[in-house]
Amino acid sequence: MGDVLLKMEGIDKSFPGVHALDKAQFELRAGEVHTLVGENGAGKSTLMKILAGIYAKDAGTIRYQGKEIDIPNPRAAQLLGISMIHQELNLMPHLTLAQNVFVGREPRGVLPFMLDEKKINAQTQALFDAMHLRLDPRTKAAQLTVAKQQMVEIAKAVSFNSQILIMDEPTAALTESEIEELFRIIRQFRAKGVGIVYISHRLEELKQISDRITVMRDGRYVDTVDAATVAIDRIISMMVGRTIYESAPEVPEHPNEEIVLEVRGLNRGTAIRDVSFRLKKGEILGFAGLMGAGRTEVARAIFGADPLDSGEIYIKGQKVEIKSPRDAVQHGIGYLSEDRKRYGLALGLDVEANIALASFDQFTNAFGIVKAGDTRQTAERYVNTLAIKTPGIQQRVRNLSGGNQQKVVIGKWLTADTDVLIFDEPTRGIDVGAKSEIYRLLNDLAAQGKSIIMISSELPEILRMSHRIVVMCEGRITGELSAAEATQEGIMRLATQRTVMVATDEAPTNNGSSVEQK
Amino acid sequence: MAVAETTITTTRRSIFQSSAAQKLLAFAALIVIFLVFTFLSPYFATPENIVGILLATAVNGVLALGVTFIIITAGIDLSVGTVMTLSAVMTGLAITIYGLPVPVGIVVGILTGTIAGLINGLVISRMRIPPFIATLGMMMIARGLALVLSTLETGTVKPIYFNDTPEFRLLTMSSVLDPIIKPMAPNFSVPNAVFIMFGAALVAAFILGKTVLGRYTVAMGSNEEATRLSGVNVANWKTAVYALGGIFSGLAGVMIASRLNSAQPALGVGYELDAIAAVVIGGTSLSGGEGTILGTIIGAFIISTLTNGLRIMNVPQEWQFVVTGLIVILAVYLDILRRRRS
C-alpha cells in the first residue's frame with residue numbers, strides 16, 4: 001500500500017427528507033482496494049457520488065494528492081483522475097464500444113470538429129489488449145452482456161489514467177467466472193498503484209479482494225478495519241449496529257396448508273423457464289436471486305402485465321386465466337413494483353386518490369360518480385392503521401418519504417381486497433428506520449392471513465422475513481429452502497447455479513464479442 | 001480467428017436489427033410506390049413529372065434534415081415550418097424592401113432560422129422546458145412575426161415579391177446542368193433546388209457521421225444521463241443541435257422564397273409535420289439514438305412521390321393527407337414490430 005491519496009472528512013449531505021451523510025469520512029491509499037460496506041441507505045453511494053462530482057457536498061473537505069480540492073461536476077472529477085463505475089450501467093447502447101470509451105474526449109481528425117474514428121478504434125483496441133479483454137471496439141454496446149459492458153466501463157474509466165477508480169456494486173449481476181475476471185483486472189490496477197474504492201453488499205467477496213474495509217451506517221462513518229484480520233461477523237455487527245429489525249420470521253406453529261396460489265410450468269422466452277411453485281395462506285414466500293434472474297418477470301407474468309408462452313395459474317385450486325392486471329386484481333392478486341414511483345403510484349395525486357386507485361369500482365355509484373365520502377373514510381383508515389406519516393390525505397404522494405410512499409401502495413392493494421400480495425424489492429430506497437416498519441407490516445399482513453411473495457436481492461432481508469425461500473437463476477427455479485435451512489451461502493450457491501443448457505445456448509462464447517441472449 | 005468470425009456475425013445481425021433494415025424497407029417502399037403509379041398512370045413516369053417530384057421534395061427534404069438531428073436526440077421540433085416562413089419573409093424584407101444585395105438577403109434568411117433554432121435550444125436546455133412545448137411556442141411566435149413583418153410595407157398581410165431581382169428566383173429554379181443537358185434534351189432541366197437539397201444532405205450526413213456534434217447527437221439520444229456523466233456538456237450540445245435544425249429551416253426558407261419568387265407569410269403551418277413524417281418514415285427512432293440522413297431523404301421522397309402520384313390519379317387533395325397519415329402510422333408500426341422481434 002502506498003501513500004494516502006485521498007482524505008474525505010466531515011462530509012455532510014442532505015436530500016429532501018433524508019440526511020444522507022452525517023460527518024462521513026473516508027481515506028484511500030494508492031495501490032489499495034478499499035471496500036465500503038453498509039446496508040442500503042447507509043450513504044456509500046452518496047459519498048462516492050460526491051467524490052465523482054455528481055452530487056455537491058453540503059459541508060466537509062476533500063484532500064486529494066495533498067491538496068484540498070473542489071469537484072463541481074463529473075468532468076472535473078475525470079480530469080483529476082477520479083472515475084466512477086455506476087451501479088446502473090452507463091453506456092450508450094447505440095454507440096460502438098470505442099465510441100463509448102471516448103465519448104466526451106474523442107481524438108480529433110484533420111479539422112478540430114472532426115472525429116478520428118480510426119484512432120478511436122485503435123486506442124480502444126490497445127486499451128482492451130492491455131486489459132486482456134477480447135472485445136471488438138466496433139461492436140455496438142447494446143450487443144454485449146451486462147458483464148462485458150461492465151468491463152468496457154472499466155476500460156473507459158482507466159483510459160482517463162485514473163488514480164482513483166470507484167466501483168459501485170460491480171458484481172451484482174455477474175457470474176462466478178465473470179467475478180474472477182473482474183478481480184483479475186482490479187488486481188492488475190492495484191499493482192499499478194491505482195486506488196480502488198469498492199462498494200459491495202456481498203460480504204463473502206470482501207476478504208478476497210480488499211485490503212481495508214470501511215463500514216458506514218445511517219450516513220455515518222463507523223470504522224475502518226484491516227481486511228486480512230477482521231472477521232465477517234464483526235463487519236456484519238458493525239453494519240447493522242443496532243437491534244432495529246429483530247423480527248425473526250415468525251413461522252406459524254401450525255402452518256396453514258391451504259394453497260392460495262399455485263403456478264405450474266410458466267414459460268416466457270428465456271426470461272421464465274418452467275417455473276412452478278405454491279403459496280400457502282398466511283405465508284411469506286421469499287424469492288431470492290441475482291439481478292436479472294427472472295423474479296420480477298415471474299411476478300409480472302402472474303400479475304398479467306406480460307404475456308406468457310405457456311403455464312397455468314390456480315387460485316385456491318381453481319384454474320384462472322390472467323390476461324391483464326385487471327384480471328389479476330379481480331382474482332385478488334396485488335403487485336407492488338420495485339419501481340414504485342414509476343409503476344406503483346400516481347405521484348402527482350394525493351394519498352386518498354392513490355389508495356382508491358385500484359378499486360374505484362367499490363367507490364363509484366351506478367353513474368360512475370366517485371363517492372367522495374367513502375374514499376375519504378377508507379384513506380383515513382389506512383393512514384391510521386398503516387401509520388402513514390402524512391400531514392393529511394390531501395397530501396400529494398410525491399412529497400412523502402420512500403417508506404411512506406411504500407405504505408400508500410400497500411394501502412392501495414389492501415383496499416382492493418387482495419389476498420395475494422407480491423412485493424418486489426419492498427424496501428429499496430427506503431431508509432433503515434422505515435424498513436423495520438415495512439417488515440413489521442409484512443409480518444402483520446401474513447398473520448392476518450394474507451399470502452405474500454417477497455422478491456428481494458438483499459439476503460439478510462430474505463432470511464429475516466421469509467417462511468420459505470425460492471431461489472431463481474436465469475429464469476429457472478434452482479431450489480427451495482425452508483427458513484430453518486436457509487443460509488446466505490446456500491442461497492448464493494443456488495442463485496449462481498447456471499445450467500449446462502444455457503451455456504450451449506450461447507453458442508461460441510470463447511471469444512470476446514459474444515452476443516447477448518435476450 | 002474466432003474474433004474475426006464473431007465480428008462478421010455481429011455486423012450481419014446489426015444490418016437486420018438496426019435502422020438499416022428500416023432504410024432498406026423504406027427504399028423498397030419507395031420503389032414499389034413508384035412502380036405502382038407508373039403502372040396506373042402513363043403521365044407519372046415522365047421526365048417532367050420526375051423533375052416535379054424532385055423539386056417538390058427539395059424544401060421538405062432540407063427541413064427534414066434538421067429535424068433528423070433533433071429527433072435523434074429524442075427531441076422534437078414543431079417550429080421548423082413557421083421558422084422557414086419567417087426566414088423567407090426576412091429574406092424578402094432584406095432584398096425587396098431594404099434593397100440589400102441578394103447574397104446578403106440569403107444570409108439574413110439563414111441567420112433568422114439559426115437564431116430561432118438557437119432560442120429553441122436555449123429554452124429547452126437552460127429553462128428545461130420540454131421540446132414539444134418550447135418548439136410549439138416558437139412555432140406560434142415565428143408565425144406571428146412572419147405576419148407582422150409582412151405588414152411593414154403596406155399595412156396589410158401581403159406576400160413580398162422578388163420581381164426586381166429575377167436572379168433570386170433563378171438561384172433555385174435554373175439549373176447548373178443546363179449547359180450539358182440542354183443540347184441533348186431541350187425540354188429537360190433539373191432545377192438547382194434539387195442539387196441544393198442533395199448538397200445539404202451530404203453536409204448533414206457528414207456532420208452526423210464524422211463530427212463531434214453528430215457523435216453527441218447520437219450519444220444524447222441513446223442515454224443522456226450517461227453522456228452527461230461522461231463529462232459532455234449536454235446543455236450546450238443540445239442547444240447546438242437545435243441551432244443546426246434552425247440553419248436548415250433558414251435554408252429551406254430561402255429556397256421556398258426563391259422557388260415561389262415571393263415570401264408568403266401565411267405559408268408554413270403543416271410543413272413541420274411533413275418534415276417529421278419524412279424523418280420517421282426514414283427509420284429515425286422517436287425514442288432517440290438511431291437515425292440516418294439517407295433514411296430521411298428516402299422518407300421525404302416517399303411523401304412527395306405519394307402526393308404527386310395521387311394528384312396525377314386525380315385523387316382530391318384532402319385524401320392525399322389521409323394517405324400520408326396512414327403511411328406514417330404504418331412506418332412507425334413496422335419499426336415497433338422490428339424492435340419487438342430483436
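How far apart do the C-alpha centres of domain 1 of chain A and domain 3 of chain A lie? I got 38 Å. The bounds come from an automatic or database domain assignment: domain 1 is 4-91 + 144-240, and domain 3 is 337-417.

Ground rules: this is a predicted model, where local features need pLDDT of at least 70, side-chain atom pairs count only at pLDDT 80 or more, and totals for chains, interfaces and linings use all residues. Residues are numbered from 1 along each chain as its sequence is written, while chains are lettered from A and ligands numbered from 1 in the order in which they are written.

Next I turned to chain B. I found 15 helices and two strands (DSSP runs, H or I of at least four residues for helices, E of at least two for strands, numbered from the N terminus). I noted that 51% of its 342 residues are buried, meaning 20 or more other C-beta atoms, placed from the backbone, within 10 Å of their own.

Then I checked helix α13 (residues 271-281) of chain B, where 10 of the 11 residues are buried, including Tyr271(B) and Ile281(B). After α13(B) comes Gly283(B), with a positive phi near 95 degrees.

Last, I looked up Val62(B). Beyond its neighbours within four places in sequence, Val62(B) is in contact with Met197(B), Ala200(B), Phe248(B), Leu251(B), Ala252(B) and Met255(B); contact means C-beta atoms, placed from the backbone, within 7 Å.

Note on methods
Buried ≥ 20, exposed ≤ 12 C-beta atoms within 10 Å, placed from the backbone. Contact = placed C-beta atoms within 7 Å.
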